[in-house]
Every structure is written in C-alpha cells, then in structure tokens.
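Trainee: I am new to this structure. Could you walk me through it, one question at a time?

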Amino acid sequence: MAQAGDLITCVTAYDATYAYWIGQAGVDMILVGDSLGMVVQGHASTLPVTVNDMVYHTQLVQRGNDQAWCIADMPFMSDCTLEKSLETAARLMKEGGANMVKLEGGQRVLPMVSTFSQLGIPVCGHLGLLPQSVQKHGYKVQGRDEVSAAVLLADALALQAAGAEMLVLECVPSALAKKITQQLSIPIIGIGSGSGTSGQVLVLHDILGVTVGKAPKFSKNFLAQSGSIQSALQSYVADVKSGSFPAPCHEVG
Ligand code: KIV
C-alpha cells in the first residue's frame, strides 16, 4: 500500500466489538496498544500494563476482527532482555493471535528486532515520543533540534536494516517525519507527525471524543460530525485516505 501511495489507516482497539466495527469501517490495521493502561484501565501512564493484559486484550480484539492486520504492543519492561522479549512476542502471537508486535525505542531494541525478524515475527518499531519512557523524557515532541532529528533518522534506518517491517513515528515535526518516510522503504505510520507519512494511527477514544481530560492537539473527534460510531470510523478512514486528516491544525511542531 505504501509503495502504491495508498495511505494506510490504523486505529487502536482493545475488545471484540470495537475491533469488529473498526474492520467494517475499512480500517487497514488495528493496534492493540498499551495505551489500554490509560484509556481502559484508568492508569496515569502505560507503565503498569502487563504481558497478561496485552495477551488478554489481543485475544478479545482478534475474536471480533476478521480483516484488519493486528499489531500488539510489547508492554513496558517486557523487552528488557532478548529472552524476555522472545517470550513476550511468542505469547502475543501464539496466545493472542497478533500478526505483528510493536516495541518502543531505537538502538536498544536492535538485537530484538533482528532476532524477531530471523524467526519470522513481523515487527514494528516505535520512535519519537515513547510513552514507556515518560518518566525520563515526558510527553514531549521529539526531534525538534538538528542533533535529535539526526538521531531519529539514524535510529529509523537502523531499525529497518535490523528487519523492522513498519515504524510508528509519534509526535515528530512533520518535516522530519516526511524526510524519514522518504528515506525508508518500509511504511511509516504517523501519530501527531503530520501528513507526510505512509499512514496514520489514532487512539480509538480520541476518534470518538471520549478521552478523559484534554485530547491531544494532533487528534480529532470524528464522532462530533457523525451520527454514529460506525460513521465516525468511516469518516476517519475517508479523511486519512484522501489526505485531509491530519490537517495543518493537527501538527505539533
Ligand atoms: O499504545 C498505543 O496506543 C500506541 C499509539 C499511541 C501509537 O502506541
């Protein structure tokens, strides 16, 4: 799809019913995000999410999902050693039924990405704002200065070389996200990173305008102008596919 210029859509889901309707709306990929720690479990961050939580929610999603590619997040500290990360990825695929696993970070995760790739485990990287590193870096736009932008590009290229087959770029200036997309051959899925990527991902609760507290500036409440959850999801797909979402007003830096 990325090579054909067909913009890719992704939405987070955590249960069977939403997974079903997300698929019916024509969303290409479902991310069982560890954002479930915040939007489902009510924690202040994603850090408390366990591997059991991720396996359980991936199972729920896969019971309702009959068409979208399903990516499951490796939760905080489940990838801190190669052995642990292999156990986690195996559980997410064998018990959860995920098609792909996603892990946060650059240089640190290269050995995991390379081993997964050799074992036939499709892997998605995640660079930019890393919610699992919030205690160290905060929820801040990443790659604003020249040095950090160069590190992000180098990390993206290294992940691709190690075998990553997709990359999520979160809260990166749109010009940098576009440059990374142009320099890599794998699909780059943006969130808060402008419109120059191969596709977009949003958290379901932001799309439906039910986020507790302030919704991120880069998100859009698609339910506000739709009569139903189903048509809100269809509008999200139509707007991403046509390039009208994200608009310049959704850019973060
Ligand atoms: O956990 C999640 O929902 C994510 C997205 C924000 C990309 O990783």
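Trainee: Which residues do ring pairs link into a cluster?

Mentor: A pair of aromatic rings is described by the distance of the centres and the angle of the planes. Here, rings of Phe, Tyr and Trp (its six-membered ring) pair if their centres lie within 6.5 Å; planes under 30 degrees apart count as stacked, over 60 as edge-to-face and the rest as tilted. Ring pairs join three residues into a cluster: Phe222, Tyr236 and Phe245.

Trainee: Before we go on, what kind of model is this?

Mentor: Residues are numbered from 1 along each chain as its sequence is written, and side-chain values use heavy atoms, with hydrogens and water left out. Local features need pLDDT of at least 70, side-chain atom pairs count only at pLDDT 80 or more, and totals for chains, interfaces and linings use all residues, since the model is predicted.

Trainee: How many aromatic pairs are there, and why is the pair of Phe222 and Phe245 called edge-to-face?

Mentor: The ring rule gives 4 aromatic pairs. For Phe222 and Phe245, the ring centres are 5.3 Å apart and the planes stand at 75 degrees, so the pair is edge-to-face.

Trainee: Where in the chain do Phe222 and Phe245 lie?

Mentor: Helices (H or I, at least four residues) and strands (E, at least two) are DSSP runs, numbered from the N terminus. This pair links distant parts of the chain, 23 residues apart. Phe222 is in the loop between helix H9 (204–207) and helix H10 (229–242), and Phe245 is in the segment after H10.

Trainee: Is Phe245 buried or exposed?

Mentor: Buried means under 20% relative accessible area, exposed over 50%, partly exposed in between (1.4 Å probe, protein chains only). Phe222 has a relative accessible area of 3% and is buried. Phe245 has a relative accessible area of 3%, so Phe245 is buried.

Trainee: What kind of peptide bond joins Phe245 and Pro246?

Mentor: Most residues other than glycine have a negative phi, and most peptide bonds are trans. Pro246 lies in the segment after H10. With omega at about 0 degrees, the bond between Phe245 and Pro246 is cis.

Trainee: What is the phi of Cys171?

Mentor: Cys171 sits in the loop between strand S6 (166–170) and helix H8 (174–183). Its relative accessibility is 6%, so Cys171 counts as buried. Although Cys171 is not a glycine, its phi is positive, about 50 degrees.

Trainee: Which backbone oxygen does the side chain of His57 reach?

Mentor: A polar contact is a pair of N or O atoms within 3.5 Å; within protein, one must be able to donate a hydrogen and the other to accept it, and residues adjacent in sequence count only if both atoms are side-chain atoms. His57 is in helix H3 (residues 51–64) and is buried at 10% relative accessibility. At 2.9 Å, its side chain reaches the backbone oxygen of Tyr14.

Trainee: How far is a polar side-chain atom of Lys102 from an oxygen atom of the ligand?

Mentor: Asp34 has a polar side-chain atom 3.1 Å from a ligand oxygen atom. An N or O atom in the side chain of Asp73 is 3.1 Å from an oxygen atom of the ligand. For Lys102, the distance from a polar side-chain atom to a ligand oxygen atom is 2.9 Å.
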